[in-house]
Amino acid sequence: MTKRAKKLPWLKFYPSDWQAEPTLKGCSLAAKGLWIEMLGLMAHSVRHGYLCRFNEPEPPSIDDLAITVGASVEEVKKCLQEIESKGVFRRCQKGIIYSRRILKDATRRRLNRKYQRSKRQNDHINLLSSGSYKSVRPVSVERPETKDHSSDLS
C-alpha cells in the first residue's frame, strides 16, 4: 500500500485529451460514464491510481462497484467488459484495475518534486558559498509600529 503524506483533492483532467483518447472513441456513453466514475474512485483510493475496495488494497467486487456508482450490476458488467475490451484500462498482477494516466501523472509529479527539492538545496548551497547571505538582512519577527489613523477621519 502506498502511503501519501497528503491526498490530492483534485485530478488533472484535460477535456481535449479525454475527447481525443482513441480507446474511448468507440465506447458507449454509459461506458464512458463508468470510466470517469472509476477515475474519481482511483484518485481517492488507498493506492493512488488503482481501483481498490473502500480502504483496502483489494479490487472491489462488481456488486461493490455497482453500489458505489449507482448503477445495476448488469449495467456495470456490460460497461466494464466494453471498456476493458477497448483497452481503456489495464490490470495489475493481482487483478486490480489501474489508470495508466493517473500513474504517469503521479510519476511526473514525484520527479518534479525531487527536482525542485534538489534545486532548492543547490541554490541554498550556492548562496552560502558565495557569501550572498551576509548581505541579506534577517526578517524581523516583531511587527513595525503602525500609525494611528483615527485622527485622519475628521
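Me: Which residues of helix 4 and helix 5 meet?
Reply: On the helix 4 side, Ile 62, Asp 63, Leu 65, Ala 66 and Val 69. On the helix 5 side, Val 73, Val 76, Lys 77 and Leu 80. Keep in mind that this is a predicted model.

Me: How do the residues of that contact divide by class?
Reply: The contact of helix 4 with helix 5 has 7 nonpolar residues, no polar ones and 2 charged ones.

Me: And what is the packing angle of helix 4 and helix 5?
Reply: About 105°, with the axes 9 Å apart. Helix 5 covers residues 73–85. Angles of 65 to 115 degrees count as roughly perpendicular, and helix 4 and helix 5 are therefore roughly perpendicular to each other.

Me: What about helix 3 and helix 4, at what angle do they pack?
Reply: About 95°, and their axes are 11 Å apart. Helix 3 runs over residues 29–43 and helix 4 over residues 62–69. So helix 3 and helix 4 are also roughly perpendicular to each other.

Me: Which residues make the contact there?
Reply: Helix 3 brings Leu 34, Glu 37, Met 38 and Leu 41. Helix 4 brings Leu 65, Thr 68 and Val 69. By class, that contact has 5 nonpolar residues, 1 polar and 1 charged.

Me: Which helix gives the most to the lining?
Reply: Helix 6, with 5 residues. Helix 6 spans 100–130. Helix 1 (15–20), helix 2 (22–25) and helix 3 each supply at least two residues of the lining as well.

Me: How does the pocket lining split by class?
Reply: The lining of the largest pocket has 11 nonpolar, 2 polar and 7 charged residues.

Me: What lines the largest cavity?
Reply: Leu 8, Trp 10, Leu 11, Lys 12 and His 48 are in the lining, along with Ile 102, Asp 105 and Arg 109.

Me: And the classes for the cavity lining, how many of each?
Reply: The lining of the largest cavity has 4 nonpolar residues, 1 polar and 3 charged.

Key: Residues are numbered from 1 along each chain as its sequence is written. This is a predicted model: local features need pLDDT of at least 70, side-chain atom pairs count only at pLDDT 80 or more; totals for chains, interfaces and linings use all residues. Side-chain values use heavy atoms; hydrogens and water are left out. Axes are lines fitted to C-alpha atoms, for helices over the stretch in contact, and angles run from 0 to 180 degrees between N-to-C directions. Helices (H or I, at least four residues) and strands (E, at least two) are DSSP runs, numbered from the N terminus. Angles under 35 degrees count as roughly parallel, over 145 as roughly antiparallel, 65 to 115 as roughly perpendicular and the rest as oblique. Contact means heavy atoms within 4.5 Å. Ala, Val, Leu, Ile, Met, Phe, Trp, Tyr, Cys and Pro count as nonpolar, Asp, Glu, Lys and Arg as charged, and the others, Gly among them, as polar. On a 1 Å grid over the protein atoms alone, a cavity is a set of points where a 1.4 Å probe fits but cannot get out, and a pocket is an open set with protein on both sides within 12 Å along at least five of seven lines; lining residues have an atom within 4 Å of a point.
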